[in-house]
Structures are given as structure tokens and as C-alpha cells.
Amino acid sequence: MNVCFATSECVPFVKTGGLADVAGALPVALSRARPDIRIKVFLPLYARIPVFDHGFVHADDLGELNVTLGDEPVPYHVWYGHLPDSEVEVYLIDCPRFFHRGTLYTDHVDEARRFILLQKAAFDVMQRYAFSPDIVHSNDWQTALMPAMLRHAYAWDERFRQARSVLSIHNLAYQGLTHPHYAWEAGLPVDHAVPGGAYHMDGAFSCLRAGLVEADQITTVSPTYAAEIQTPLLGCGLDGVLSARHNDLTGILNGVDTAYWNPRTDAHLAAHYGAGDLGGKAACRTALLAEFGLSAPPDVPVIGIVSRLADQKGFDLLVPELEQVLREREFRLIVLGSGAPWLEGFFRSLAAIFPDKVGLFVGYDEGLSHRIEAGADAFLMPSHYEPCGLNQMYSMLYGTLPIVHHTGGLADTVRDLDEHPDQGTGFSFHDARPDVVAATLHRAIDTFQDQDIWRAAMRRAMQQDFSWDRAAASYLNVYQRALSQRP
Ligand code: ADP
């Protein structure tokens, strides 16, 4: 099976969010699951990707190529390499005028055009290498035009006749709204992009909507989020299109890179531990508290937060009640995050009021995020919505019980300990209200007093299967469904 996997970011080369993790891990897991699969990953060459460090070589055999956008030929080069420790081929599309912009994503008027170049270049390279994909797998709006390009711009090419398309949604909120003119540049029917057309939305040509209309199969990153985005509340205006496609829409939970997130081997930790041997976790807890100049007797739980401080993450729900909970109860709160100034200010004021109870680091710190996952007893994630969420999965693998809003991927991964005493792996609440979040914190602190119940839940949490192999098997099923849609 031949797969073209197109993405705007990919670990370990360049990352701003969860899409990069998926792009770095899923193709490798797919090729582990099916040795006969051949995958070509296409990605822009941003200025910040150190090509030589990652072993890329210039594709001299291709030389300088051109993609035509509208009637302008745009020259580009290609660099060739692999995802680490794998046979998965990676092609970097090198066009400094388009991709050397300081940040990966911009608000420039030609933002959509930059990624139209990426997508057309991917087709161009496949043509030059006589590579006939069975599956063209797009991710988010930046590569969402490929299903439409297959049907229109490249319909003439025999090589792509058998190809079927899959579009994965990692974040529905970003839709690539642009001028209908760019539909013409992409080789798509402009009447679809103007008002009344299937690709049109909010006065603009919507790249994501075009993908949702044209892809043979659609996936998103958790089953519950797949259902939620078909409702007006979380559908970002696309709920109608998504519910019309519900038969072709599948939610597949992201996996966790267990080579990097594993309390038995994690290089960031003061001590190591596993489900059968929890001893090292106490040492991690003591070390974490000490890092923040805090201490706590064994019956006082440590609750951690590691997050972007963005509206989505639900910290506004803590503002009215958390100070009161901190006065009433004995627990420690350790927060790592950055983002909205008003939320940073909220946590700064809590740390000032409760210097013996609250530890705060405003910023981004990879190592500290691991030490919090290991050293905390519980982990708080009150997100308003969460397509998949990774931190609750890391928490469970580290024996740290998540306290979460029952939404999206959080609902699919965390079982409430009171609702399911024999299967619970954390605490979840249904109503996103400050008093409900506070009550759930009380519930977790109460439960911590019964260490038999808590430790049993820790062991269950640590034994969850969040492997990429499980996710890859589900993606292969989606590929098969797409292939069965061949006429
Ligand atoms: P999202 O992609 O919406 O931010 P996820 O839970 O899916 O949320 O993934 C967040 C990732 O970013 C996790 O790997 C988390 O550990 C990491 N992260 C978020 N904020 C920080 C921070 N301040 N320091 C270190 N890592 C962070």
C-alpha cells in the first residue's frame, strides 16, 4: 500500500502542537503494523529545521522544480530524508519565499497560498517519482485541499486515479479561510469557493470545509470529539457538514510516545518506578516539592497543572472557587504554564497568597512537565473542550490520577472512580461550572485519604494501553474503508 502523508509540522523536525506528534509517530506505527506499506511524508522546509542535523540530503535528481500557482510558476527544491529509526520517507519542500517567515503560521494574506504550494509540490514530487498513492492522508486545513485536488486539479493523471483520500482533524477551530481567488490557483472550481458553493463559508473560501466535503474518509482525534463536532456547540460552524458525513467520520485517540513518556526510564526524573513497584514515585514527589520550596506530609495530595493558559483549557472555572478550596483543604498545587496574561496573573496571585501551598513556574519547560507528571498525585485538566488531550494520558501512565471535564478525549480516556469504583482511573465532572470543579477537587482530596482505593486506581491507570500501535490499527481500518469506496 502506498501512502502520501501531508502535514504542516512533524516531530522531531518542527513542532507547535499535537499534530506534530501525530505526524512523527503515526507513519512509523503504520509501517510497523504493515511492512508492505510505503509512506512518503511531505512537509515544508521552514528556516528553523536543521536539515543536516536530521540527515536530509538535497534531491539532486529532481533539481529545481516549479509549481504553477494560477499563472505564476514558483520554483522550489526538495530535501529527502527519513523519520528517525524508520523506513518512512520524508520530503521537505524548500521554497524560502514561502516558508522562511519567522513563525510557521502567519496572518499574511498569502497564508493559504503557502500551503497550496506545499500540496501541489507533493503531487508534483509523486509524479516525478512515478509514485501512485493508494491513500492521500491530509491533516488540518493546511493540507485539506488535497482531496479536492485529486478530484479536480489532478483528475487527468492516471497515476492518481486509484487514490482515495483521508482528512484528519486535529483542531477544527482553524479553517484556512481565504479569498476564492486561491481556489483557482489551487486548480479547483472557483464556483465552489464563492457564496453558495460547497467550499464557501463566512464570506470566504474555507480550505477545511473543502476537505470535509471532498475527502473519502474523515478522522478526528477522539471518538467523543467526533460526536461533539457534529453539534452547534463545538462544531465551529461546520457541524452541518460533519453530521452530513457522519458515516465517514471516525474518532481515533492519539497514542503516546512511550519511549519518551515512561516512568521506568524517563531521564528527567529523580527516581524510576512502574505499576508493580511504586516506590520511586514518592521520591519524585519529594523532589518536585523541594524544587518549589514546598513540603507536604504523606496524606496531603499534590495536584499538578501543565498547560497552555488558553481559554480552551477551562482555568476560568477555577477563578471563583479555588482560593476558598485552598483555605479549606490541605493540598499542594503546582502549576506550569504560560499564555493569557490574566490567567498568569491569577496563578501568580494564588502563589503570593499561599506561598506554602502553591508552586508556580510561568513559562515552557519540557523537563519540568515530566517531573510534575511523576511527582504529583493528581493532575487537573478542566478544559472546556479537548479534541484528544495528551497530559491526561501521560498522567495515567505516571500513576497520577487526572481530574478532568468529561469532554472530548478526556471523556474517552478517564473513568470516574466514584462512578466506576472497580474500573476508575481518575475523577471527571460533567457540568463545566466552578462549584462542580471545586466539588470534584474536594472529592479527589477525600479519596486520597484512602490509600488502598487510590493505589488500586493508580495501578489501573498505569496499565492503560495508549500505544500508537493501537491507533495505527484503527487508521488502517479507515484506509481500508476509503479503499473500498473505489468504484
Ligand atoms: P494542547 O495540544 O491543546 O496544548 P495537549 O494536552 O494535547 O494540549 O498537549 C499539550 C502538550 O504540551 C503536552 O505534551 C504538554 O506536556 C505540553 N505543554 C503544555 N504547556 C507546557 C509548558 N508550559 N511546559 C512544558 N510542556 C507544556
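## The cavity

A search of the whole structure, which is a predicted model, finds one cavity of 30 Å³ or more. The volume of this largest cavity is about 30 Å³. Its lining is made up of L317, L318, E321, L322, V325, P434, V437, A438 and L441.

Two helices, α11 (322–328) and α16 (434–448), each supply at least two residues of that lining. The largest share comes from α16, with four residues. By class, the lining of the largest cavity comprises eight nonpolar residues, no polar residue and one charged residue.

## The second largest pocket

The second largest pocket holds about 250 Å³ of space. It is lined by 16 residues, of which A282, R285, D377, Q451 and R455 are the closest to its centre. Two or more lining residues are given by each of α10 (279–291), α13 (366–375) and α17 (451–462).

Helix α10 gives the most to this lining, with five residues. The lining of the second largest pocket divides by class into eight nonpolar, four polar and four charged residues.

R285 and D377, both among the lining residues closest to the centre of the second largest pocket, are joined by a salt bridge between their side chains, with an N to O distance of 2.7 Å. R285 belongs to helix α10, whereas D377 lies in the loop between α13 and β17 (378–381), so the pair ties together parts that are 92 residues apart in sequence.

Both partners are buried. The relative accessibility of R285 is 10%, and this residue therefore counts as buried. D377 counts as buried because its relative accessibility is 8%, and the cut-off for that class is under 20%.

## Other salt bridges

The structure holds 27 salt bridges. Side chains of opposite charge can pair when their charged atoms come close. Salt bridges that share partners join E72, R97, R113 and E185 into one network.

Two further pairs illustrate partners in other accessibility classes or positions. In the salt bridge of R34 with D36, the closest N and O atoms are 2.6 Å apart. R34 is partly exposed, with a relative accessible area of 22%, and D36 is also partly exposed, at 47% relative accessibility. In the salt bridge of D248 with R245, the closest N and O atoms are 3.0 Å apart. Here D248 has a relative accessible area of 19% and is buried, and R245, at 14% relative accessibility, counts as buried as well.

## Helix α12

Helix α12 consists of 13 residues, 341–353. At 1.5 Å a residue it should span 18 Å, and this agrees with the separation of its end C-alpha atoms, which are 18 Å apart.

On which side of α12 do its buried residues lie? The buried residues of this helix are L343, E344, F346, F347, L350 and A351. They cover an arc of only 155° around the axis, which puts them on the same side of α12. An α-helix has 3.6 residues a turn, so residues three or four places apart point the same way. The face turned away from the buried side of α12 carries the exposed residues P341 and A352.

## Helix α3

Helix α3 is formed by 18 residues, 111–128.

After α3 comes A130, which has a positive phi, near 50°.

## M393 in helix α14

M393 is placed in helix α14, which covers residues 391–397. With a relative accessibility of 0%, M393 counts as buried. M393 and G409 are 16 residues apart along the chain, and their C-alpha atoms are separated by 9.6 Å.

Technical notes:
Residues are numbered from 1 along each chain as its sequence is written. This is a predicted model: local features need pLDDT of at least 70, side-chain atom pairs count only at pLDDT 80 or more; totals for chains, interfaces and linings use all residues. Side-chain values use heavy atoms; hydrogens and water are left out. On a 1 Å grid over the protein atoms alone, a cavity is a set of points where a 1.4 Å probe fits but cannot get out, and a pocket is an open set with protein on both sides within 12 Å along at least five of seven lines; lining residues have an atom within 4 Å of a point. Grid points are joined across faces, edges and corners, and a volume is the space filled by probe spheres set on the points. Ala, Val, Leu, Ile, Met, Phe, Trp, Tyr, Cys and Pro count as nonpolar, Asp, Glu, Lys and Arg as charged, and the others, Gly among them, as polar. A salt bridge is a side-chain nitrogen of Lys or Arg within 4 Å of a carboxyl oxygen of Asp or Glu. Buried means under 20% relative accessible area, exposed over 50%, partly exposed in between (1.4 Å probe, protein chains only). The expected span of a helix is 1.5 Å times one less than its number of residues. The arc is that of the directions from the helix axis to the C-beta atoms.
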